[in-house]
Amino acid sequence: MALEAWFMDESNEDQRLPHHRKPKELVSLNHLAELGVLYWHLNPNNYENDKELQKIREARGYNCMDLLDLCPEKVTNYEEKLRNFYTEHIHADEEILYCLEGSGYFDVRDKDDQWIKAGDLIILRAGIYHRFTLDTSNSVKLMRLFLGEPVWTAYNRPQDDHPARKEYIKDLTGKLGVPLEAH
């Protein structure tokens, strides 16, 4: 199954729902790439030996990884952790997550500050506002990839003065050729 990404509605309903606009507005992989979101659809059944995953890790220098198994039965303070993941934030480094089992949503902000949902193996560029939630299955197993030791510090919005956010806005402005507010 290939990635499907879409613009989200403004509903405050359960965050685990897809939140499609009516009519549904899909977002292309090219649009995601312009925002600094890269995507691969890999076979999670053989991730230990996946040559494409190995190429991605080598090309980006990601030599460390860990696994997150998120479900109420396996995570202490599950609801609190989900609230933390769903709080809009940035990271100083890329975030690489690979969904091995189950499903969830990454929400990323576009240049107009609209939310887009995406999934599978994605790389979120440093400085892009995003959040994560599980879907209604309430279970997901994720692989996180790191440069060196695992460090995953989230900087909650607003972070307009964070160096990673400034660099992201500068690069996005250069690609699109128009000034952007520091959303």
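**Exercise 1.** Locate histidine 130 in this predicted model and decide whether it is buried or exposed.

*Solution.* Start with the secondary structure: histidine 130 sits in strand β10. Next, take its relative accessible area, which is 2%. Buried means under 20%, so histidine 130 is buried. Finally, look at its contacts beyond four places in sequence: among them are His89, His91, Glu95, Asp107 and Trp115.

**Exercise 2.** Now treat histidine 91 likewise: where is it found, and what does it touch?

*Solution.* Histidine 91 lies in the loop between β5 (89-90) and β6. With 6% relative accessibility, histidine 91 counts as buried. Setting aside residues up to four places away in sequence, histidine 91 touches residues including His130, Trp152, Tyr155 and Ala164.

**Exercise 3.** Work out which residues UniProt places under "binding site", and why they gather at one spot.

*Solution.* First, the record: an unreviewed UniProt entry gives this feature to His89, His91, Glu95 and His130. They span 42 residues in sequence, but no two of their C-alpha atoms are more than 11.5 Å apart, so they gather at one spot. Then check the pocket: the lining of the second largest pocket includes His89, His91, Glu95 and His130.

**Exercise 4.** Describe that second largest pocket: how much space lies in it, and which residues are closest to its centre?

*Solution.* The space comes to about 290 Å³. Of its 18 lining residues, Phe85, His89, Glu95, Arg144 and Trp152 are closest to the centre. By type, the lining divides into 9 nonpolar, 5 polar and 4 charged residues. Elements that each supply at least two lining residues include α3 (78-86) and β11 (140-146).

Key:
Residues numbered from 1 in each chain as written. Predicted model: local features only at pLDDT ≥ 70, side-chain atom pairs only at ≥ 80, totals over all residues. Heavy atoms only, no water. 1 Å grid on protein atoms, 1.4 Å probe; cavity = no way out; pocket = protein on both sides within 12 Å on 5 of 7 lines; lining within 4 Å. Points joined across faces, edges and corners; volume = space filled by probe spheres on them. Helix = DSSP H or I, 4+ residues; strand = E, 2+ residues; numbered from the N terminus. Nonpolar A, V, L, I, M, F, W, Y, C, P; charged D, E, K, R; others polar. UniProt positions renumbered as here; feature names shortened; annotations may be inferred. Buried < 20%, exposed > 50% of the residue type's maximum accessible area, 1.4 Å probe, protein only. Contact = heavy atoms within 4.5 Å.
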